[in-house]
Amino acid sequence: MFNLFQDIALFSSLDDEQRAWLQMQSGELTLDTNEILFSEGDASLCFHIVVSGMLQITKSIEGHETEIDLLGPGMFTGDIGLLIGVPN
């Protein structure tokens, strides 16, 4: 995971010590196919980085789940809510 932070532009300006600290604060979560990471309106408590696979971001529009983004390795979500304190 250490190199993962180095490869993401958001963290590229951090030095090795700062990336090591970030890694110590991090955990790993594995999702099953179609498992929900979070739902719209949930509290923004984490910043999520996709390490492998794909993460589909959907929104309920007029009662139908609509894909609004598809995240692959190195991409992330949860950043805005976490930084400004609004729900996902």
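Figure 1. The structure, a predicted model, holds 3 aromatic pairs. Phe 5 counts as buried because its relative accessibility is 3%. Phe 11 is likewise classed as buried, at 12% relative accessibility. Phe 11 also pairs with Phe 47, again edge-to-face, the centres being 5.7 Å apart and the planes at 85°. This second pair links distant parts of the chain: Phe 11 belongs to the loop between helix 1 (2–7) and helix 2, Phe 47 belongs to the loop between helix 2 and strand 1, and 36 residues separate them. Phe 47 has a relative accessible area of 25% and is therefore partly exposed. One aromatic cluster is formed by Phe 5, Phe 11, Phe 47 and Phe 76.

**Figure 2. Salt bridge within helix 2.** The structure holds 2 salt bridges. In the one shown here, Arg 19 is joined to Asp 16, and their closest N and O atoms are 2.8 Å apart. Both residues lie in helix 2 with a spacing of 3 residues, about one turn of the helix. Arg 19 counts as buried, at 5% relative accessibility. Asp 16, by contrast, is partly exposed, with a relative accessibility of 48%. Between Asp 16 and Asn 88 there are 72 residues of sequence separation and a C-alpha to C-alpha distance of 30 Å.

Figure 3. The side chains of Glu 40 and Lys 59 form a salt bridge with an N to O distance of 2.6 Å. Glu 40 is located in the loop between helix 2 and strand 1, whereas Lys 59 is located in strand 2, so the pair ties together parts that are 19 residues apart in sequence. Glu 40 is exposed because its relative accessible area is 56%. Lys 59 reaches 33% relative accessibility and therefore counts as partly exposed. Lys 59 also has a bridge partner in strand 3, namely Thr 66.

**Figure 4. Hairpin of strand 2 and strand 3.** Strand 2 (residues 55–61) and strand 3 (residues 64–71) run antiparallel and are joined by 7 bridges. The hairpin has 2 residues between the strands, and Glu 62 takes a positive phi near 50°. In a regular strand, side chains alternate between the two faces of the sheet.

**Figure 5. Surroundings of Leu 37.** Leu 37 is placed in the loop between helix 2 (16–25) and strand 1 (48–49). Its relative accessibility of 24% makes Leu 37 partly exposed. When residues up to four places away in sequence are not counted, Leu 37 touches Leu 29, Leu 31, His 48, Leu 55 and Thr 77. Leu 37 and Glu 65 are separated by 28 residues in sequence and by 15 Å in space, C-alpha to C-alpha.

Figure 6. Ser 44 is found in the loop between helix 2 and strand 1. With 13% relative accessibility, Ser 44 counts as buried, since the class requires a value under 20%. Apart from neighbours within four places in sequence, the contacts of Ser 44 are Gly 81, Leu 82, Val 86, Pro 87 and Asn 88.

**Figure 7. Nonpolar surface patch.** Ile 80, Leu 83, Ile 84 and Val 86 make up a nonpolar patch on the surface, and their accessible area together is about 420 Å². Leu 83 is a residue of helix 3 (residues 79–84). Leu 83 is exposed, with a relative accessible area of 70%.

**Figure 8. Setting of the close-up views in the chain.** The chain has 3 helices and 4 strands, and the elements follow the order α-α-β-β-β-β-α from the N terminus on. Along the principal axes, the C-alpha atoms fill a box of roughly 45 × 30 × 20 Å. Of the 88 residues, 19% are buried. Among contacts between residues at least 6 apart in sequence, 46% join residues at least 24 apart. The accessible surface of the chain is about 6600 Å², and carbon and sulfur atoms account for 53% of this surface.

Definitions and conventions: Residues numbered from 1 in each chain as written. Predicted model: local features only at pLDDT ≥ 70, side-chain atom pairs only at ≥ 80, totals over all residues. Heavy atoms only, no water. Buried < 20%, exposed > 50% of the residue type's maximum accessible area, 1.4 Å probe, protein only. Contact = heavy atoms within 4.5 Å. Phe/Tyr/Trp six-rings, centres within 6.5 Å; stacked < 30°, edge-to-face > 60°. Pairing = 2+ DSSP bridges. Patch = residues over 30% accessible without salt bridge, like charges linked within 9 Å, V, L, I, M, F, W, Y side chains within 5 Å. Areas by Shrake-Rupley, 256 points an atom, 1.4 Å probe, with all protein chains shown as cover. Salt bridge = Lys/Arg side-chain N within 4 Å of Asp/Glu carboxyl O.
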